[in-house]
Amino acid sequence: MLYLMKAELYKFKKDISAWIISFLLICCAGISIFTKVYSSAENTVLNLGKDSMILILACAVYVGFSCTDDFINRTVIHAITCGNRRFHILLVKYCRYILGRTIIIISYMCISMMIAFLALGTEITLPDLFVYAVKSLVLSLPLFWGIAAIFFFFAIITRKPAMAMGISVACSIMGVVFTNKAYFSMQQPDNSLLRFSPVIQIPMIYEQTLSACDYQSAIMLSIFTTSIVLLVGAAIFNKAEL
């Protein structure tokens, strides 16, 4: 297990896809900042955080680069023949994916916030801006990890970069669009089970309108989803002929 973790960490250091995705996201945010789409640094953080589609799509694209390379170059077969359990291989690959995914989110939000602060200024004090950004980021990360587990599952069952990326991107778009449309078309959306969806709760975190009870329920749902996805993925991976 330790050998697998070191190997995945080494491959992660050599992989630049997370940094490229982060750079592209920051460039897009920078264009909006310098064209005065946002009014201040805190307004930038609010709107970037509310637009969860961007980060979910980035998560979907990144899975094709980070989780399927070992299947293409047959490295995973070597790891199995060395006596490593398939579940351990799956687990460390998921940890590598989550690490890269977290770096993309943090770098995108933090660097965009700093650019906005320098270009637009802030309507609140700098410490208050920092606390708001960090708190929102920390609360939203577990929800993104739950979504990432689903994309990781697609990568494990397809084991092909383009297919995993395509399915994940398609599911991202359909999931975000249909969830938002269904939720906001309801007369009493607060009583709907859709309020526990990460797609709904991530914007509410940045708007500071999410209740602690609903957030705890969403975290439990995220943990449950991740556990089920990893267990089912492990079962499929154990029976797969590589």
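Helices here are DSSP runs of H or I with at least four residues, numbered from the N terminus. The model is predicted.

**Exercise 1.** State which helix holds Leu-57 and decide whether Leu-57 is buried, partly exposed or exposed.

*Solution.*
- Step 1. Leu-57 lies in helix H4.
- Step 2. Buried means under 20% relative accessible area, and exposed means over 50%.
- Step 3. Leu-57 has 22% relative accessibility, so this residue counts as partly exposed.
- Step 4. Set aside neighbours within four places in sequence: Leu-57 then contacts Val-169, Ser-172 and Ile-173.

**Exercise 2.** Describe helix H9: its span, its buried residues and the helices they pack against.

*Solution.*
- Step 1. H9 covers residues 161-184, 24 residues in total.
- Step 2. From first C-alpha to last, H9 reaches 34 Å, close to the expected 34 Å at 1.5 Å a residue.
- Step 3. Its buried residues are Ala-164, Ser-168, Ser-172, Val-176, Thr-179 and Tyr-183.
- Step 4. An α-helix has 3.6 residues a turn, so residues three or four places apart point the same way.
- Step 5. The buried residues of H9 pack against H4 (52-66), H8 (126-158) and H10 (198-207).

**Exercise 3.** Classify the crossing of H7 and H11 and describe their contact.

*Solution.*
- Step 1. The axes of H7 (residues 86-120) and H11 (residues 212-239) come within 9 Å and cross at roughly 135°.
- Step 2. The two helices are therefore oblique to each other.
- Step 3. The crossing is right-handed.
- Step 4. H7 contributes Arg-86, Phe-87, Ile-89, Leu-90, Leu-91 and Tyr-94 to the contact. H11 contributes Thr-226, Leu-230, Gly-233, Ala-234, Phe-237, Asn-238 and Lys-239.
- Step 5. By class, the contact has eight nonpolar, three polar and two charged residues.

Terms used
Residues are numbered from 1 along each chain as its sequence is written. This is a predicted model: local features need pLDDT of at least 70, side-chain atom pairs count only at pLDDT 80 or more; totals for chains, interfaces and linings use all residues. Side-chain values use heavy atoms; hydrogens and water are left out. Axes are lines fitted to C-alpha atoms, for helices over the stretch in contact, and angles run from 0 to 180 degrees between N-to-C directions. Angles under 35 degrees count as roughly parallel, over 145 as roughly antiparallel, 65 to 115 as roughly perpendicular and the rest as oblique. A crossing is left-handed if the near helix is turned anticlockwise from the far one by less than a right angle, and right-handed if clockwise. Contact means heavy atoms within 4.5 Å. Ala, Val, Leu, Ile, Met, Phe, Trp, Tyr, Cys and Pro count as nonpolar, Asp, Glu, Lys and Arg as charged, and the others, Gly among them, as polar. The expected span of a helix is 1.5 Å times one less than its number of residues. Buried means under 20% relative accessible area, exposed over 50%, partly exposed in between (1.4 Å probe, protein chains only).
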